[in-house]
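The sequence and the structure follow.

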Amino acid sequence: MANRPSSGARASGTAGAVLGAAAGAALGAVAARLAYAAFRRRPPLLTAKARGDENAQGGEKAADRYWTRTNHRGEPVTLLEGPALVAGAGTAVALVPGVPGRVRAAALLAGMGSGILGAYDDVFGTATSKGFKGHLSALARGEVTSGAVKILGIGATGLAAAALTPRDGCRVVRTLDTLADGALIAGSANLANLFDLRPGRAVKAGLLAGVPLLAASLTSHRRDAAVLAAIPLGAAAALLPEDLGERAMLGDAGANALGALLGLAATARLGRAGRLTALGAVAALTLASEKVSFTKVIAGNRVLNRLDMLGRRPIES
């Protein structure tokens, strides 16, 4: 008969998972707020053109316009919430104690990689091609869009992150699991971005998916999975007031990083059947987004609409 963990060992495992998750969430929240304040004082510059404009036009105002967009009300909002989440979550991943090196490397690669690629699309993206299908169709015509670069890049970083995580089984099984997990990480990054169309929506979607995942990780004493889920949740929750206040939005950078890190946490917590189910759900929602407006679906459902409007400014009639 196999030995079962004693009650003391289970309590110790639960305590370790809770402490790790609390540390990860706190580090993510504090680092994200500090990064947001720093970026508001001096926005990050990604291009030589932006640096030249900054020198020519007088500093931060020139740089800030690269990170400003018009929201659904026609009002300007900053995209710097996204880089702040990426920097905050990345800092927390690097500093949180007790995470194995390969898992830490996978989280840095998934979060920072997808965030940087999202920031590239935020700065260089155009509206000529939209959606997964639009960017891949443009690529098939020989047109390399910023969105196509992001899609392929996030696919590669998701696969690389999955390859870094420990797994059991023969080589064929490990390879298939790596491919499926890489698709789940990349697909989650893309799906989170599809919700970033109204204030707070992407963060709320992340919380709805991430909190049950965190709870399941804690009850099963999975410290690594709990920490991986807690870090992006802490960073996103800390920035939610800026999002709901319509002062900032995640953009591709923040939404991609949030989704990728939660996808990685799912691969660490769920068994094979659970991961494949999650991948199927992500794929189904992504395909549905090509045909159906999430905004219209949410507006037409009383419960979803109330949740979507929670904390937001009322819609002007």
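Where is the place of Pro100? Pro100 sits in the loop between α4 and α5; helices (H or I, at least four residues) and strands (E, at least two) are DSSP runs, numbered from the N terminus. Pro100 is partly exposed, with a relative accessible area of 38%; buried means under 20% relative accessible area, exposed over 50%, and partly exposed in between (1.4 Å probe, protein chains only). A separation of 8.0 Å lies between the C-alpha atoms of Pro100 and Asp224, which are 124 residues apart along the chain.

## Basis of the description

The model is predicted: local features need pLDDT of at least 70, side-chain atom pairs count only at pLDDT 80 or more, and totals for chains, interfaces and linings use all residues. Residues are numbered from 1 along each chain as its sequence is written, and side-chain values use heavy atoms, with hydrogens and water left out.

## Overall fold

The protein chain has 14 helices and 2 strands. Of its 317 residues, 47% are buried. The chain exposes about 15,100 Å², of which carbon and sulfur atoms supply 64%; accessible areas come from the Shrake-Rupley method with a 1.4 Å probe, and for residues only the protein chains shown count as cover.

## The nonpolar core

In soluble globular proteins, nonpolar side chains tend to be buried together. A nonpolar core is a set of buried Ala, Val, Leu, Ile, Met, Phe, Trp, Tyr and Cys residues joined through side-chain atoms within 4.5 Å. The largest such core here has 67 residues, and those touching the most other members are Trp67, Leu85, Ile185, Leu214, Ile231, Leu250 and Leu264. Two or more residues come from each of α1 (7-41), α4 (81-95), α5, α7 (146-164), α8 (171-194), α9 (201-219), α10 (223-244) and α11 (251-269). Helix α10 gives the most to this core, with 12 residues.

Beyond its neighbours within four places in sequence, Ile231 is in contact with Gly24, Ala25, Gly28, Ala89, Ala92, Val93 and Val96.

## Ala266 in helix α11

Ala266 belongs to helix α11 and is buried, with a relative accessible area of 10%. Residues up to four places away in sequence not being counted, Ala266 touches Leu184, Leu213 and Arg275. The C-alpha atoms of Ala266 and Ala278 are 8.3 Å apart, the two residues being 12 residues apart along the chain.

## Arg104: a buried charge without a salt bridge

Arg104 lies in helix α5 (residues 101-124). Arg104 is buried yet has no salt bridge; a salt bridge is a side-chain nitrogen of Lys or Arg within 4 Å of a carboxyl oxygen of Asp or Glu. The nearest side chain of opposite charge, Asp224, is 8.5 Å away; here Lys and Arg count as positive and Asp and Glu as negative, while His and the chain ends are not counted.

A polar atom of the Arg104 side chain is instead found 2.8 Å from the backbone oxygen of Val96. With neighbours within four places in sequence left aside, Arg104 is in contact with Val93, Ala94, Leu95, Val96, Gly98 and Val99.

## Salt bridges across the chain

The whole structure contains 12 salt bridges. In one of them, Glu246 pairs with Arg73, with the closest N and O atoms 2.7 Å apart. This pair links distant parts of the chain, 173 residues apart: Glu246 is in the loop between α10 and α11, and Arg73 in the loop between β1 (68-70) and β2 (76-78). Glu246 is buried at 6% relative accessible area, whereas Arg73 is partly exposed at 21%.

Asp177 forms a salt bridge with Arg272, the closest N and O atoms being 2.9 Å apart. The partners lie 95 residues apart, Asp177 in helix α8 and Arg272 in helix α12 (residues 272-289). Asp177 is buried, with a relative accessible area of 8%, and Arg272 is partly exposed, with 42%. A further salt bridge joins Arg201 and Asp308 (2.9 Å, N to O). Arg201 in helix α9 and Asp308 in helix α14 (residues 302-309) are 107 residues apart. Arg201 counts as buried at 4% relative accessibility, and Asp308 counts as buried at 6%. Salt bridges that share partners also join Arg73, Glu75, Glu246 and Arg313 into one network.

Technical notes: Polar contact = N/O pair within 3.5 Å; in protein donor to acceptor, adjacent residues only side chain to side chain. Contact = heavy atoms within 4.5 Å.
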